[in-house]
Amino acid sequence: MIPDQHEPRPDVPQDREVTGTVDAEPAAGTGKRRRSLHLTVPGCWGALVLACLSFTPSLLPRGGILQGLICGISAAIGYGLGVVAAYVWRAFADREARSASHRSWQVLIGCAIVLFGLAFGFGQYWQHEIRGLMGVTDYNVLATVASPFVAALVFLLLLLAGRGLRRLYRWFARLLRRWIGPRAARVVGWVVVAALAWSVVSGVLIGGFVNATNEAFSLRDNETPEGVHQPTTTLRSGGPGSLVPWNTLGYQGRAFTGSGPSARDIGAFTHRPAQEPVRAYAGLQTADDAEARAERAVADLERAGGFERANLLVMTTTGSGWVDPAAVDSFEYLGDGDSATVAMQYSYLPSWLSYLVDQSKAREAGRELFDAVYDVWSKLPQDQRPRLFVAGESLGSFGGETAFSGEYDLRNRTAGTLFAGPPNFNTLFREFSDHRDAGSPEIEPVYKQGRTVRFTDDPTTASPPADQPWNGTRVLYLMHPSDPIVWWSPALALSEPDWIGEAPGSDVLEGMVWIPFVTFWQVTADLPFATGVPDGHGHTYKAAYVDGWNAVMRPTDFTPQDVDRLRDVIQPDH
C-alpha cells in the first residue's frame, strides 16, 4: 500500500525544526521527546543580527534595562525570521532538515561574541552622545551591565511562549484530522491558535492591565495635590457659587482650578493693571457622559464671566485630565489676565496609556467641549465676543483637532490654535504633513506656504517659511525632532518614514537609521519615557509655550525682553 502524501513518514522525525538543530538525547521511553529549548543555526543567526542592530540609537536615551528588553524582543523576532527563511529555502531546495555540524556552531558562537561585543560597545557610545545632546546626566552602570542578561531572559521567555503555541497548534491539528483532511487541519489549527493567542493578549493581558491601571488611578483621582487648596474666588470651578462641586473635579481638575497666577502675580510681572483669570473645569464625576460634562463646564464658564473676557481658551486635556500649567499660565500672562480657560476630564489613565487605548474618548471630549463653547460664543453680538483660541498637548491635540474639518475651519472659527507634541495619528496633523510643500522636511513641514498652519521645534525663532506673510488666524504646531509621541506609528515596523531618511533634527543623532521591526520596538519603548528628558526635548514642552502663545496671540504690550523674562517665570530652569 502506498502511503498518502500527507501522512507523516515513519523515517523522518516529525518534531524536527528547520535546518541545524541542537537537540537533547532522547530519554529512555520518550522516543521523539526533545528539549524544549533546542535552537537552530538559522534562527540563531537571525537573532544575533537583530540583537546587534537593536543597539543602534533611537530618539531618546535608553537605560540598560530598557535596552535589554528591546534587545530580547528584537532577538526573538530575528530568531523567528531566521527559522522561516530556512524553511522557505528548504522548500525551494526540496530537501529535508538536517542537523548542523559542530563547525557551524563554532562559527556562529565566535561571530556572536565578536559582533555582540562590538554592538554593545557602539551602543554605549551612541547613548552617551544622545545624553550629551539632551543634557541628560543620569547613567546607571549596573543597569548597563545587566542589559545582556535581561535580553537573554526576555528572548528565552518569548521563545518558550512561541514553542508553547506551536505545540498547541500541533495538538489541535491532530485532533482536527479525525474529521477533516490534513491540509485543512493545519490551516484551521493555525487560524484558531492565532485567534486564541490574540484574544489572550488583547483581552486578558492588555485588557486586564488597562482595567487594573484604570482602577488604581480612579482611586488617586479622589485625592488633592499637595499645596493645592479649594478656590475662594467665584472665578474658578469648585469655588463659591460654582456649578461644579470641588469634590467632582478629580485630581487634575483640582490642580487646574486651585493653582495658577493671580491678578497680583500678573500685575507684578507686567507692571500694568491685570485681571484675575477665569478657569472652568468638569471632572469625570461631574456628569455621566462627555456631552453633559461639556455642558456643565461651559455653564460654569458662563457663570464666572468667561465669555466677557478678551481671550477665551478651549483646552483639551491629556488622558487623566491633566492640563500643562505652562500652557495656561503663559496664555494668562500674555493676556494680562483678561482671559478664561475651560477644560474637562475624559479618563483616569495616564497620558502615555491613554494615548494607546483612549483615543475615542479624547475625540469625543474635544468635539463636545468645543461645540458647547462655540454654541454660546456664536450667539453673542460680534463686537462682544472674546477671541476664541484652542490648544492641546499630546492626546489633547488629537481631541482638539476633531472639532475641525481642516485648515479653513480652523481659520474661520478660531482666533488661533496651539498644539504641542501631536501624535502621529492626528487627522489634521497627518493631512498637513503628508501634503506639505515640496522640499520641506517632515520634522518641520511647510503647508500652503505657511499661510495659516506652521510647524516648529523652536518657537523663539521665526516659524518657517519666515519670508512669507502669516496674517489672520495662526495655527502653530510645536514638535520636537526627538518626541516619540509625534513619530511613533505601527508603519515603522515595515516601512521607512521620511523623517528618518531626511536630515535629522537638532537633538537626534545622525546615526539613527531605519531597521525593519527594530526601529518600531525602539520608538515604542521610548513612549513611556518621553517626558523624562529635559525641557525642549522629547515630549517636554514648557518654555516653548511662552514663545508659541506669543506668536499665536500677538500681544501688543509685550516686548522681546518681556517674553524672555516670562520664559524664566514659566520654566525657571530652562
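Helix H17 (residues 518-526) is largely enclosed by the rest of the structure, because seven of its nine residues are buried, where buried means under 20% relative accessible area, exposed means over 50% and partly exposed lies in between (1.4 Å probe, protein chains only). Helices (H or I, at least four residues) and strands (E, at least two) are DSSP runs, numbered from the N terminus. The model is predicted, so that local features need pLDDT of at least 70 and side-chain atom pairs count only at pLDDT 80 or more, whereas totals for chains, interfaces and linings use all residues. Residues are numbered from 1 along each chain as its sequence is written, and side-chain values use heavy atoms, with hydrogens and water left out.

**Helix H17 and its cover**

- The buried residues of H17 are Val518, Thr519, Phe520, Gln522, Val523, Ala525 and Asp526.
- Among the elements that cover these buried residues are helix H1 (41-53), helix H2 (64-93), helix H15 (484-487) and helix H16 (498-501), a contact being heavy atoms within 4.5 Å.

**The chain as a whole**

- The protein chain contains 19 helices and seven strands, and 51% of its 574 residues are buried.
- Of the contacts in the protein chain with a separation of 6 or more, 72% are between residues 24 or more positions apart.
- The accessible surface of the protein chain is about 26,700 Å², and carbon and sulfur atoms contribute 59% of it; such areas come from the Shrake-Rupley method with a 1.4 Å probe, and for residues only the protein chains shown count as cover.

**Cysteines**

- The whole structure has zero disulfides, a disulfide being counted as a pair of cysteine sulfur atoms within 2.5 Å.
- For Cys52, the closest cysteine sulfur is that of Cys71, which at 7.6 Å is too far for a bond.
- Cys52 is buried at 15% relative accessibility, and Cys44 is buried as well, with a relative accessible area of 14%.

**A nonpolar surface patch**

- Ile109, Ile113, Val114, Leu115, Leu118 and Phe122 make a nonpolar surface patch of about 590 Å².
- Patches are made of residues with over 30% relative accessible area and no salt bridge, like charges being joined within 9 Å and nonpolar side chains (Val, Leu, Ile, Met, Phe, Trp, Tyr) within 5 Å.
- Phe122 belongs to helix H3 (residues 102-134) and is partly exposed, with a relative accessible area of 46%.

**Salt bridges**

- The count of salt bridges is 15, each defined as a side-chain nitrogen of Lys or Arg within 4 Å of a carboxyl oxygen of Asp or Glu.
- Lys379 and Asp375 form a salt bridge at 3.5 Å, N to O, in which Lys379 is exposed at 63% relative accessibility and Asp375 is partly exposed at 39%.
- Asp434 and Arg430 are joined by a salt bridge whose closest N and O atoms are 2.7 Å apart; the two residues lie four residues apart in helix H14 (residues 427-434), which separates them by about one helical turn, and Arg430 is buried at 16% relative accessibility.
- An α-helix has 3.6 residues a turn, so residues three or four places apart point the same way.
- In the salt bridge between Asp564 and Arg567 the closest N and O atoms are 3.1 Å apart, and both residues lie in helix H19 (residues 560-570), three residues apart, about one turn of the helix.
- Asp564 is partly exposed at 37% relative accessibility, whereas Arg567 is buried, with a relative accessible area of 13%.
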